[in-house]
Amino acid sequence: PHPPPPHRPTRRSSDLDVRGAGRIADRTLTAAVLGLTENPLGVSVDCREQEPREEGLYLVPVVVRVPLTQLSLLPQTAEHEGKVSIIIVVRDQQGGLAEMERREYPIKIPHDQFLSALQDHAEFIMGLLMRSGSQRIAIGVRDELGNVDSTLTVDVNVGEIKL
């Protein structure tokens, strides 16, 4: 008789989630360092007016917009639901990298508003505390249900207040 085949652990969805999170983190770091981006989700980024804070820091509001037509939104009992993860890495002009930030956002759209909502964007506003100087903000956006990642960058001159 032959010995039984070796036990092969089954892949759990949580394992896939960890790999997906690692992949978007790597891609966001690459965007920060090398400027290489890929944007299949059609994400757009805009920085709003900076606000001076204590100790020479500035609050830089970063607005991330994702077309809802590009996201996987699954029908549930009362609404369509999805989930977006956003990773941000800031690189200063000397090449230093700030600690990576990751945030998750649920998306919920009531069934009766779903078709009209598809004309719109999901919008996420993140306030970053940054030192003055020229810096690159790298943003990674992941559609958790659709398993699709986008990366993009925006260069900002922090401390350059427009009058």
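This is a walk through a predicted model, from its confidence scores to a strand and then to an aromatic pair.

First, the ground rules. Residues are numbered from 1 along each chain as its sequence is written, and side-chain values use heavy atoms, with hydrogens and water left out. As the model is predicted, local features need pLDDT of at least 70 and side-chain atom pairs count only at pLDDT 80 or more, while totals for chains, interfaces and linings use all residues.

How far does the predictor trust itself? pLDDT is its confidence in each residue, from 0 to 100. The protein averages 87, and 85% of the residues score at least 70. Over residues 4-18, though, the pLDDT is below 50, and beyond near neighbours in sequence that stretch has three contacts in the model (a contact means heavy atoms within 4.5 Å).

Now go to strand β8, residues 133-143. Helices (H or I, at least four residues) and strands (E, at least two) are DSSP runs, numbered from the N terminus. Eight of the 11 residues of β8 are buried, so this strand is largely enclosed by the rest of the structure. Buried here means under 20% relative accessible area, exposed means over 50%, and partly exposed is in between, using a 1.4 Å probe and protein chains only.

Which strands does β8 pair with? Two strands pair if DSSP finds at least two bridges between them. Strand β5 (residues 79-92) pairs with β8 in the antiparallel sense over nine bridges, with V89 standing opposite A138. Strand β9 (residues 148-158) also runs antiparallel to β8, joined by 11 bridges, and there Q135 stands opposite V156. The hairpin of β8 and β9 has four residues between the strands, and N147 takes a positive phi near 60 degrees in it.

Next stop: F124, in strand β7 (residues 121-131). F124 is buried, at a relative accessible area of 6%. Leaving aside neighbours within four places in sequence, its contacts include V62, V84, I86, Y105 and I107. V45 sits 79 residues away along the chain, yet the C-alpha atoms of F124 and V45 are separated by 9.7 Å.

Finally, the rings. Those of Phe, Tyr and Trp (its six-membered ring) pair if their centres lie within 6.5 Å; planes under 30 degrees apart count as stacked, over 60 as edge-to-face and the rest as tilted. That rule gives one aromatic pair. The rings of Y105 and F124 have centres 4.7 Å apart and planes at 40 degrees, so the pair is tilted. Y105 lies in strand β6 (residues 101-110) and F124 in β7, so the pair ties together parts that are 19 residues apart in sequence. Y105 is buried too, with a relative accessible area of 19%.

Methods:
pLDDT is the predictor's confidence in each residue, from 0 to 100.
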